[in-house]
Every structure is written in C-alpha cells, then in structure tokens.
2 protein chains.
Amino acid sequence: MNRMFHVPLSPFCRKVRLVMAEKKIELELIEEKYWEQSPEFMRRNPAGKIPVVRMDGRTLSESTPICEYIEETHPTPSLMPNDPAARYEVRRLVAWFDDKFHNEVTSKLLYERVNKKVMGQGYPDSKNVKAGAQKIKYHLDYMTWLLDQRRWLAGDVMTLADFAAAAHLSCLDYISDVDWNRSANVKDWYAKIKSRPAFRGLLADQVSGFPPPAHYADLDF
Amino acid sequence: MNRMFHVPLSPFCRKVRLVMAEKKIELELIEEKYWEQSPEFMRRNPAGKIPVVRMDGRTLSESTPICEYIEETHPTPSLMPNDPAARYEVRRLVAWFDDKFHNEVTSKLLYERVNKKVMGQGYPDSKNVKAGAQKIKYHLDYMTWLLDQRRWLAGDVMTLADFAAAAHLSCLDYISDVDWNRSANVKDWYAKIKSRPAFRGLLADQVSGFPPPAHYADLDF
C-alpha cells in the first residue's frame with residue numbers, strides 16, 4: 001500500500017493527493033508533525049518537508065517531482081498535455097501557485113491563522129493577514145483572466161495546474177478566506193473541480209480546533 | 001535570436017544559461033533590473049521574476065519549466081535520464097537546490113552581500129551571513145555523500161541537477177563563499193562541470209562594484 005506522511009491543510013500534500021485520487025491510486029494517509037523534525041522523519045526526507053510518499057519501494061519528496069513521477073508511471077488519465085509548449089504552460093502555472101501564490105497568499109493567511117497555532121508559534125500577525133487578504137484578489141483576477149480564454153487554467157483540458165491551484169484554494173476555503181463572489185469564472189471552475197470524485201477526501205478533512213465552515217464541503221457553495 | 005532578461009549572479013538565470021549553452025542554443029543576454037518592476041518587464045512576466053526567455057515566438061518564465069521545455073524541444077545532448085525513477089531524482093535535486101539551498105544559503109550569502117547593495121537596500125545582515133556560512137557546510141556534506149555513491153549528483157550521467165547545483169555554487173564562488181577544501185568529491189565534481197564549454201559565459205561575468213576573485217575563472221582553482 002502506498003503511504004503519504006502529510007497534514008490535512010498542506011497545499012503541497014493536497015496537490016499530490018488529488019493527482020493520486022484522480023488516477024485511482026490507493027493511498028494511506030499518516031499525519032506527521034513535520035515541524036518537530038523527528039529523527040525518523042528527517043531520515044525519510046532530509047529536506048524536512050511534507051509530503052513524503054512511500055511508493056514502488058521508494059521514499060519520495062518534493063510535491064512537483066512526485067506529481068511528475070506519478071504522471072510518468074501512471075499516465076492514464078493524463079494530467080499533462082503532449083505538446084511541449086502546453087506542458088510548459090502547465091509547469092509555469094504549477095510554479096506560479098506553489099511559489100508566488102504560496103508566498104503571497106497561502107503563507108500569509110493559512111500559516112498565520114492555522115499553522116502558527118497548531119505548531120505553538122503564537123498568534124496571527126495581522127499585517128500578514130491583511131497583506132494576504134489583499135493579494136488573493138489579484139490572484140483571483142489573474143485566474144479570471146486565464147479562464148476567460150481557456151476552459152481550464154492551462155488550456156482546454158484539466159491538468160496538474162488545476163490541481164495545484166485547487167489545492168491552495170481549498171485550504172483557504174477551509175478557513176473561509178476565498179471570496180467566491182469575486183469572479184463567476186473562478187467559482188464555476190472551482191465547482192467543476194470540487195465535484196470530482198478525487199476531491200472527496202479533501203472535503204472530509206477535519207483539523208482539530210478548526211472546524212470547517214458549512215460551505216466548505218458543499219458542492220453547491 | 002533567443003533572448004534572456006537576466007542578471008549575471010542569479011542562480012536561476014545561470015541554470016537556464018548552462019542548459020542552453022550545453023545544447024548549443026544561441027542566446028542573447030539582456031540585463032534587467034527586475035526589482036524595479038518596470039511596466040514593460042511586468043508585462044513580459046507578471047510574476048516579476050527573472051529569468052524571462054524569448055524563444056520560439058514565446059515569452060517564458062520560471063526557470064525549471066523553461067529547462068523542461070528546452071529539454072523536450074532540444075533533446076540532444078540529453079540532460080534528463082529516460083527512467084521515471086531517475087527523472088524523479090533529477091527533479092528532486094533541482095528542487096533541493098532551488099528551494100532549500102536557495103533559502104538556506106544563496107539568499108543568506110549572495111543576496112545579503114551583493115543583491116542588497118545593487119538594489120540599494122542597505123548593508124548585509126550579519127546574522128543572515130553567519131547562518132548561510134554555517135548551512136553551506138551541511139549542503140556540501142550532503143553533496144559529498146551523494147558523490148560518494150554516484151559520478152554526478154543524480155546518478156552516473158550529468159543532468160539538470162548538476163547544472164542547478166553548479167548555478168548556485170558558481171554564484172557563491174564569485175563572492176568567495178565556497179570552501180573547496182571541505183570536500184575532494186565536491187571539488188572534483190565542480191572542476192569537471194566548470195571546465196565544460198557551456199560554463200565559459202558564466203566565468204566571464206562581471207558585476208560592477210564586485211570584481212570576482214582570481215580563482216573564480218581559473219579551471220585549476
């Protein structure tokens with residue numbers, strides 16, 4: 001059985017979970033307090049980060065390399081187009097969400113509101129929360145612009161880029177930090193991806209001390 | 001003609017320059033003060049980062065997606081193995097250097113000593129410099145351990161992972177922040193990669209106000 005060491009509200013773990021669920025690869029989830037950097041965990045991944053996946057007799061880390069590995073070893077259903085320019089666009093957007101969106105939004109909202117408390121690092125810094133709440137508007141507008149021209153974020157088929165974006169937004173939706181009224185395009189896109197069977201595991205997540213709002217698991221949000 | 005908007009001491013630009021030079025793809029370099037975020041530059045890359053590459057009639061950003069695109073469109077000489085597990089290992093190590101090494105070392109040494117001055121952001125923070133000087137030892141030891149088992153960082157052939165690592169180390173070597181006496185393995189590996197024709201452009205780089213030390217361009221360092 002494949003295993004993942006994870007936390008429920010990690011966008012990087014969620015991206016890999018979505019990819020594996022979409023490809024119907026079974027996965028056992030094990031919560032890991034990775035910030036405690038236990039010697040056993042550090043042996044599994046010297047980078048000290050989640051997700052860590054045990055699969056095919058290997059211990060894998062780094063969410064994007066893991067997703068590329070899964071795509072290459074389990075190509076059906078495909079989450080990457082065949083054309084190099086289209087593949088580039090998928091990878092650019094995965095990096096956009098995992099780097100820029102993560103730095104400007106996820107780390108400023110989710111990490112301030114949830115991770116700090118869970119890790120015993122004190123209270124949210126309101127300056128960061130305000131900055132994140134401001135920046136997410138820009139990102140939702142950028143997604144709106146992309147979705148004006150395309151059915152999915154990287155083109156006319158669903159790809160890794162959609163799962164990377166949905167992984168971040170679903171974490172933020174768990175703490176009610178996404179204004180779905182800002183863009184009909186983005187709301188329609190999220191409704192489509194949220195209703196996929198691969199999304200069910202994420203919608204059932206519960207973090208102790210942080211109950212999700214009612215709309216979080218509602219497909220008709 | 002292909003063009004890159006870059007700065008000489010950016011490890012992300014250097015990685016792409018090395019890949020293109022190794023594949024003998026011509027490239028015109030244009031220095032870009034990306035931190036000024038000029039409207040023209042932001043139009044080229046809304047993420048506001050370098051490198052930005054004009055190639056095949058497209059404007060490309062994000063260094064790893066660019067490298068994957070180049071590898072797919074110019075597969076000879078190959079910088080990626082064929083086996084999915086070996087490809088995973090290349091991608092994991094590229095992420096290791098561009099994420100962990102970058103955060104713990106490059107940003108603490110190079111950005112403190114050079115970028116801050118160039119961008120008019122004041123003096124190096126000695127706490128950061130000290131932390132980076134400490135952490136690079138751990139990374140050199142990790143590379144030593146990898147090179148004990150392999151001829152190149154990700155396996156027995158030279159790959160993108162070697163260029164990612166060499167891009168960071170060459171920037172740090174420009175400011176004399178690499179102790180080549182720490183590990184014969186790492187020094188031998190760097191000597192091999194430094195003597196490749198693809199490296200010549202990097203060794204000729206000059207940053208105004210920061211002359212490189214004599215050993216920087218010396219193949220017999």
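Contact here means heavy atoms within 4.5 Å, and every view below is taken from a predicted model.

**View 1. The relation between chain A and chain B.** Chain A is superposed on chain B by a rotation of 180° with 0.0 Å of shift along its axis, and the RMSD of this superposition is 0.0 Å. The two copies are thus related as by a two-fold rotation axis. Both copies use the same surface, since 100% of the contact residues of chain A recur in chain B. Among the residues of chain A, A:Asp99 is the one that comes closest to the rotation axis, with its C-alpha at 4.9 Å.

View 2. B:Arg92 lies in helix α4, which spans residues 84–118 of chain B. With a relative accessible area of 8%, B:Arg92 falls under the 20% limit and is therefore buried. Its side chain makes two polar contacts that can be followed in this view: one joins the side chain of B:Arg92 to the side chain of B:Glu89 at 2.9 Å, and another joins the side chain of B:Arg92 to the side chain of B:Tyr142 at 3.0 Å. When neighbours within four places in sequence are left aside, B:Arg92 is in contact with B:Tyr142 and B:Leu146 of chain B, and also with A:Ser61, A:Glu62 and A:Pro65 of chain A.

**View 3. The packing of helices α6 and α7 of chain A.** Helix α6 (residues 160–174) and helix α7 (residues 184–194) of chain A pack at an angle of about 95°, and their axes are 11 Å apart. Because this angle lies in the range from 65 to 115 degrees, α6(A) and α7(A) count as roughly perpendicular to each other. On the side of α6(A), the contact is made by A:Asp162, A:Phe163, A:Ala165, A:Ala166, A:Leu169, A:Ser170 and A:Asp173, while α7(A) contributes A:Trp189, A:Tyr190, A:Ile193 and A:Lys194. Sorted by class, the residues of this contact comprise seven nonpolar, one polar and three charged.

View 4. A:Phe163, which is found in helix α6 of chain A, is buried, with a relative accessible area of 0%. Apart from neighbours within four places in sequence, A:Phe163 is in contact with A:Lys15, A:Leu18, A:Val19, A:Glu22, A:Leu79, A:Met158 and A:Ile193; A:Ile193 is also one of the residues through which α7(A) meets α6(A). For orientation, A:Phe163 and A:Ser38 are 125 residues apart in sequence, and their C-alpha atoms are 30 Å apart in space.

Key
Residues are numbered from 1 along each chain as its sequence is written. Chains are lettered from A and ligands numbered from 1 in the order in which they are written. This is a predicted model: local features need pLDDT of at least 70, side-chain atom pairs count only at pLDDT 80 or more; totals for chains, interfaces and linings use all residues. Side-chain values use heavy atoms; hydrogens and water are left out. Copies are superposed by least squares on the C-alpha atoms of residues with pLDDT of at least 70 in both. Helices (H or I, at least four residues) and strands (E, at least two) are DSSP runs, numbered from the N terminus. Buried means under 20% relative accessible area, exposed over 50%, partly exposed in between (1.4 Å probe, protein chains only). A polar contact is a pair of N or O atoms within 3.5 Å; within protein, one must be able to donate a hydrogen and the other to accept it, and residues adjacent in sequence count only if both atoms are side-chain atoms. Axes are lines fitted to C-alpha atoms, for helices over the stretch in contact, and angles run from 0 to 180 degrees between N-to-C directions. Angles under 35 degrees count as roughly parallel, over 145 as roughly antiparallel, 65 to 115 as roughly perpendicular and the rest as oblique. Ala, Val, Leu, Ile, Met, Phe, Trp, Tyr, Cys and Pro count as nonpolar, Asp, Glu, Lys and Arg as charged, and the others, Gly among them, as polar.
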